[in-house]
Amino acid sequence: MNGGPKADEPTMAGAAADGPTAAGPAAGGRFAAGLRGPGHFFAFCLDALRNVFRRPFQVREFVQQAWFISSVSILPAALVAIPFGAVIALQLGSLVRQLGAQSFTGAASVLAVVREASPIVTALIIAGAGGSAICADLGARKIREELDAMEVLGIDPVHRLVVPRIVASMLVAVLLNGLVSVVGVSGGYFFNVVLQGGTPGAYLASFQALGQLPDLIVGEVKALLFGAVAALVASYHGMTAKGGPKGVGDAVNQSVVITFMLLFALNFVITAVYFQLVPQRGM
């Protein structure tokens, strides 16, 4: 007869007692691993912000990066801004005609382009064209161990490579936002006046009646922040790339997707705060 479990056999009570104990550390480890990535990125952002005010500033690298980002972004941004302005003008023109407010078509179209569409287009172009190039460049330097060699020589890669790219991306985003706004408003004006039979004078006068200077300022502030976010995400993923050329490609894809998600979330927050702080003009 078997009088009980052997000494080396675990009892059911012991297994039940070990189950939650083993599952607890595992769940805690997964939770900590999930927070490790955002924590490292936040520390990287703080390090980059601290190095922005550190001297000497890398002027030559800044000029080269600003020229490169603008060269790959100007033409796509201008081409994308035309259909954006046209679609907004056509949709809003049909809507306000149904509401009997044709005289305010210009105000609705211009405000939508300047305050929302233009910063979003600028952010998408900067993140897709400039951000991917930044991530690929830093990722290639990482897998070739150039960044490690710079650290061995006492050179901070964040100060030497990342900060000029962030400042250049912010500057190009602000300037590109102005270009996209002009092209988008011009496209909306053309499609509203030519295709929908709108009145040129009413198109411009309505914008003067409802538009205000903070609308332009918030668009530029959005572009400035969007450029900084795109450069920070791209630089972080480039400097943490691993796994050879395939890892660099994966880092580029991740940086673009994460940048888009952050930009749309940040745009919502800025717009909500703007409407709470700045009173809007009425008809």
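In the predicted model, helix α8 comprises 34 residues, spanning residues 244-277. An α-helix has 3.6 residues a turn, so residues three or four places apart point the same way.

The UniProt annotation "transmembrane region", taken from an unreviewed entry, covers residues 66-88, 120-140, 161-183, 189-210, 217-236 and 256-277. Two of these spans were examined for secondary structure and length. Residues 120-140 are 100% helix and 0% strand, with end C-alpha atoms that lie 29 Å apart. For residues 217-236, the span is likewise 100% helix and 0% strand, and the end C-alpha atoms lie 29 Å apart.

The largest pocket of the model has a volume of about 210 Å³. Its lining consists of C45, L46, A48, L49, V52, F53, I166, M170, A228 and L232. The elements that contribute two or more residues to this lining are α1 (12-52), α5 (157-195) and α7 (213-239). Among them, α1 gives the most, with five residues. In terms of residue class, the lining of the largest pocket contains ten nonpolar residues, no polar residues and no charged residues.

Notes. Residues numbered from 1 in each chain as written. Predicted model: local features only at pLDDT ≥ 70, side-chain atom pairs only at ≥ 80, totals over all residues. Heavy atoms only, no water. UniProt positions renumbered as here; feature names shortened; annotations may be inferred. Helix = DSSP H or I, 4+ residues; strand = E, 2+ residues; numbered from the N terminus. Expected span 1.5 Å × (residues − 1). 1 Å grid on protein atoms, 1.4 Å probe; cavity = no way out; pocket = protein on both sides within 12 Å on 5 of 7 lines; lining within 4 Å. Points joined across faces, edges and corners; volume = space filled by probe spheres on them. Nonpolar A, V, L, I, M, F, W, Y, C, P; charged D, E, K, R; others polar.
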